[in-house]
Amino acid sequence: MDRVDDARFMERALELAENGRGCVAPNPLVGAVVVRNAIVVGEGWHARFGEAHAEVAALRQAGAAARGATLYVTLEPCHHTGKTPPCTEAIAACGIARVVYAVADPNATASGGAAALAAHGIDVLGGVCADEGRELIAPFGFALRQRERPFVTLKLAISIDGAIVDASRQRGWLTGPESRRAVHALRASADAIAVGIGTVLADDPSLTVREGQQVRTAPQRVVFDRSARLPLSSALVRSAAAAPVVVIADRPNRASAQLLEEAGVAVLSAASLREALQSLRSRGVTHLVVEGGAALASAFMEAGFVDRLITFQAPVLLGAGALSAFAALPAQKADVAPRLRVVARKTLGSDVMTIYAVSGE
């Protein structure tokens, strides 16, 4: 089997991995395909935290056809006993002849699977679709390396001319239903979703995961709110019992903060964005999705705390007076402004979703 076939089957494994989004954290997304004589005989993915890994699910579907076959998996098979036995043992027991994986396991506790499989006489090849494999588990890998803050994804819906709201400042949907479904898939992958107080006052969002997306644990809802003026009547406060709500303030009004805490909202004091992110990390947030508005987006970008920027660009022009997504960022000269790496670009209905790597991760 040549590298073209290897890439084709790995791409299928990457697609399958997405089925676990929202249900496997803190584990990474993983997909697997069993191929015999160029025919797929088994497919699987890590469907839920604590349950069978992708390799085991694919091998179960393949059954006896796994003997002598090739296993494609997006992450190096684990070689340790956690909530499930080592995947390397299941692979060897099924008589798999060849294992192809995208990226090595960044978790030192679980790594070593490739060497263990080779010791069983199995042909092992790594690095197929490696860039895509790394991107699939980017927040997971970041959390293993960086304990000071979460992996941060900044999401923005923008017009062709880069605005997030028109001159009237009246909120309305810029993007179509396909983009909104993608946003909820993004939310499902996060430990927390953040907005600024201006967005809350303008839109009264619930910041929940909808559009049919399943989540094992509802993401925390975070409001960057300098003086803790989040209204008690807001959708966030009224639903605080259903999913955690956190207000981050640098100079909270004591009376307001007390009322919020009595309503079930956690109020955290943070003198800087760095301190705020450290506080969120200590609350178990390893992946934070920031959804705006313009002041918060600019603050995260200027501070260098954005790892991925995802824009959903609608085919509309908002013209004079519209609010730029990065209106608060310092001016840059075109010839020296940093060029962001495009990770992926996809058409969603009439919109275009683009994922940019910002931090270099």
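This is a predicted model: local features need pLDDT of at least 70, side-chain atom pairs count only at pLDDT 80 or more; totals for chains, interfaces and linings use all residues.
## The open sheet

Nine strands make up an open sheet with mixed pairing, in the order β11-β10-β9-β8-β12-β6-β13-β16-β15. Its edge strands, β11 (266-269) and β15 (341-348), each pair on one side only. From one strand to the next, the twist averages 20 degrees. Helix α12 (residues 294-303) packs on the sheet and touches β6, β8 (192-196), β9 (220-224) and β12 (287-290). The direction of α12 makes about 140 degrees with that of β6.

Within the sheet, strands β13 (residues 308-313) and β16 (residues 351-357) run antiparallel and are joined by six bridges. R308 stands opposite A357 in β16.

## The second largest pocket

The second largest pocket holds about 780 Å³ of space. Its lining comprises 28 residues, and K155, A157, G172, W173 and D203 are those nearest the pocket centre. Two or more lining residues come from each of β6 (151-158), β7 (163-165), α7 (177-188) and α8 (197-203). Helix α7 gives the most, with four residues. By class, twelve residues of the lining are nonpolar, seven are polar and nine are charged.

## H184 in helix α7

Helix α7 also contains H184. This histidine has a relative accessible area of 6% and is therefore classed as buried, the cut-off being under 20%. Leaving aside residues up to four places away in sequence, H184 touches T208, V209, R210, E211 and Q213.

Conventions: Residues are numbered from 1 along each chain as its sequence is written. Side-chain values use heavy atoms; hydrogens and water are left out. On a 1 Å grid over the protein atoms alone, a cavity is a set of points where a 1.4 Å probe fits but cannot get out, and a pocket is an open set with protein on both sides within 12 Å along at least five of seven lines; lining residues have an atom within 4 Å of a point. Grid points are joined across faces, edges and corners, and a volume is the space filled by probe spheres set on the points. Ala, Val, Leu, Ile, Met, Phe, Trp, Tyr, Cys and Pro count as nonpolar, Asp, Glu, Lys and Arg as charged, and the others, Gly among them, as polar. Buried means under 20% relative accessible area, exposed over 50%, partly exposed in between (1.4 Å probe, protein chains only). Contact means heavy atoms within 4.5 Å. Two strands pair if DSSP finds at least two bridges between them. Axes are lines fitted to C-alpha atoms, for helices over the stretch in contact, and angles run from 0 to 180 degrees between N-to-C directions.
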